[in-house]
Amino acid sequence: MKRTLIAAAAALLASTSLGLAENISACLITKTDTNPFFVKMKEGATEKAQELGIDLKSFAGKIDGDHETQVQAIETCIADGAKGILLTASDTSSIVPAVLQAREAGLLVIALDTPLSPIDSADATFATDNFLAGELIGKWAAAALGDEAANAKIAMLDLAVSQPTVGVLRDQGFLKGFGVDLGDPNKWGDETDPRIVGNDVTAGNEEGGRRAMENLLAQEPFINVVYTINEPAAAGAYEALKAIGRENDVLIVSVDGGCPGVANVKDGVIGATSQQYPLLMAALGIEAIAAWAKDGTKPSPTPGKDFFDTGVALVTDKPADGVESIDTAKGKELCWG
Amino acid sequence: MSSGQRFEAAAARDDTVAEFDDHRRGLVGTLQHFLHTTPAAVPLIVLLVSIAVFGLLLGSKFFSPFALTLILQQVQIVGIVAAAQSLVILTAGIDLSVGAIAVLSSVVMGTFSFRYGLPVPVAIASGLLCGTLCGFFNGWLVARVKLPPFIVTLGMWQIVLAANFLYSANETIRSQDISANAPLLQFFGNKINLGGAIFTYGVIFMVVLVIGLAYVLRQTAWGRHVYAVGDDPEAAELSGVQVRKTLISVYMLSGLICAFAGWALIGRIGSVSPTSGQLLNIESITAVVIGGISLFGGRGSILGALFGALIVGVFTLGLRLLGADAQWTYLLIGVLIIAAVAVDQWIRKVAA
């Protein structure tokens, strides 16, 4: 009896490992599976994986910042014999030892959207150029204001007090594009330009956006330019402005390019937004893993950058001179979430 | 006659003894006694002092009708949820699922109107029913199955939140669509302007709700039963209180109030957003604790919870206007929480 059981177990093991050898398997690990950005990323990866016959497993942290679950997911993928991992890390430096462990085990690790620190801890990084995304809306806002840009009163609605890199890059990109002296480009809030009324944090949602906007309006009621970390924060800021009847004389700019955000650009709630492409990011990632599994080629970064740039486009219906943009009809075709 | 005279004499003697006792109690003792009988006094004093201090530091920027009513608007959601939380905590329970229930209810209101095209009042009623049902499950598990409230609501928090994300597919319903097609959803965002002071319907609802609950808790049999159940459920049972029914009704009411908070949330942020309100459970417990309601149940005033929420709001806006790093707000709120519980412990000694 015992012997038959062992034999059966051995046969089962042999068949599963055979099954694995035939299929290429890959993992997608995101910060959460609630944020539409990651939902769309998962969709893009799943679609591409089906097309290429790759067995994709998805993992996600419970909340943004859930580091433990991501480490567990990497360990599971190594044990599972996956060929590669697509990772958007919650904690970009603490995750590095786990990533190195995976790479030593022969997995290709690609950081999606969020670069690890240091960036070369992953085999490659596929991401939006967040600094450029900020710069585009900064240039657009300055061009839209014309000469008035010199007297602008700017509110900066950032992500979080811990200053995650994505938030810093967008913020500093915006200020550079607008023509503000940056101080230290690795952090926000150290600028001395009197046009900046202040920085406040939004957690990237409507509620936070409204509260932050109200706080800054209490300091300076005549703010006329609002930078926002993403479109939900922008929608919240708009509600705060509407409450005091100033929604029509303030320019709101944002980053993301989600479908509700693009619709808000169309309706004039947001002046312009920089659109990023999570679907493309994930699809390219899966292709890279397929290539790695086939003949061991690693993806190479965009020339002149230390990551592979998956592109960004400015979406607005009021194009400004000297800033390339697409209109909301095109933006709607390409939008996510 | 003679017995009456003797009684009077005895009463007179008792008076002197009582005075003597009072004398020995001293100033601190009198204060302790006063605070024991008036549990909302401490948070009210802290609130008034903090308004005065920020007013002195910031002048008219803070001490204006606009800024002061802005604080009310910023705390309205937490304030409404804190009222629900207070009810549960008065029964010596805790409700970790309040925020999740509020958000799910708002999502139900939104999707019923937009996905299924139901009339808006029906959608709103469904949202309110959804909150009440979640509360009923909490209450039933606590009262009938005898599970600890912490565990029940910890589980319910996860269940409701996951249901919210699965059901909504995390799609936001935009403010512009709502105001065009279902403005009733934004009812609590309507406002009254009185010379620069802006009161949204949500703020008015919060104040009326808290005053109404304070009255009910103090003046009705049901209200006294809530306190009795929280203080000593066995004694309450023995004196004829239907403990289980009272508990279930408290959790159901809490769920209903959370659903109203979800409705008010739509008014506040304009849109229906499944990711909002994530920290409402912690924020409401913070307000309740700073408001001097005992986590051991049976003691405290629901007015205190409102003052607690306002204290947090005053500190948040005041420190932001002073230009302080947002972390200082969290640090000071942490200090307030510990101080509030320490004061609570000290006041409790009067009973011993």
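In the predicted model, N215(A) is placed in helix α7 of chain A, which runs over residues 206-219. N215(A) counts as buried because 24 C-beta neighbours lie inside 10 Å, the cut-off for this class being 20 or more. When neighbours within four places in sequence are set aside, the contacts of N215(A) are with D200(A) in its own chain and with L317(B) and R320(B) in the other. By contrast, L169(A), which is 46 residues away from N215(A) in sequence, lies 23 Å from it in space, C-alpha to C-alpha.

Within chain A, helix α3 (residues 67-80) contains 14 residues and spans 20 Å from its first C-alpha to its last, close to the 20 Å expected at 1.5 Å a residue. Its buried residues include Q70(A), A73(A), I74(A) and C77(A), and these lie on the same side of α3(A) because they cover an arc of only 100° around the axis. Just after α3(A), G81(A) adopts a positive phi of about 75°.

Chain B is built with 14 helices and two strands. Its radius of gyration is 23 Å, close to the 20 Å given by the globule rule for 352 residues, so chain B is as compact as a globular protein of that length. Along the principal axes, the C-alpha atoms of chain B fill a box of roughly 80 × 55 × 35 Å. Of the 352 residues in chain B, 50% are buried, and 76% of the contacts with a separation of 6 or more are between residues 24 or more positions apart.

The largest nonpolar core has 104 residues, of which I80(B), V81(B), A83(B), A102(B), A261(B) and I311(B) touch the most other members. Helix α11(B) provides the largest share of this core, with 17 residues. Apart from this core lies another, of 103 residues, which has I154(A), A155(A), L159(A) and A282(A) among its members. Beyond four places in sequence, I311(B) is in contact with P43(B), V46(B), L47(B), S50(B), I290(B) and L336(B).

Several backbone features remain to be described. Most residues other than glycine have a negative phi, and most peptide bonds are trans. The loop between β4 (108-112) and β5 (124-127) of chain A holds P118(A), which is joined to S117(A) by a cis peptide bond with omega of about 0°. D113(A), found in the loop between β4 and β5 of chain A, has a positive phi near 70° and is buried, with 25 other C-beta atoms within 10 Å. In chain B, A92(B) has a positive phi of about 65° although it is not a glycine; A92(B) is situated in the loop between α3 and α4 (98-114) and, with 19 C-beta neighbours inside 10 Å, counts as partly exposed.

Conventions: Residues are numbered from 1 along each chain as its sequence is written. Chains are lettered from A and ligands numbered from 1 in the order in which they are written. This is a predicted model: local features need pLDDT of at least 70, side-chain atom pairs count only at pLDDT 80 or more; totals for chains, interfaces and linings use all residues. Helices (H or I, at least four residues) and strands (E, at least two) are DSSP runs, numbered from the N terminus. A residue is buried if 20 or more other C-beta atoms lie within 10 Å of its own, exposed if 12 or fewer, and partly exposed in between; C-beta atoms are placed from the backbone. Two residues are in contact if their C-beta atoms, placed from the backbone, lie within 7 Å. The expected span of a helix is 1.5 Å times one less than its number of residues. The arc is that of the directions from the helix axis to the C-beta atoms. A nonpolar core is a set of buried Ala, Val, Leu, Ile, Met, Phe, Trp, Tyr and Cys residues joined through C-beta atoms within 7 Å. The radius of gyration is taken over C-alpha atoms; the globule rule is 2.2 Å times the number of residues to the power 0.38.
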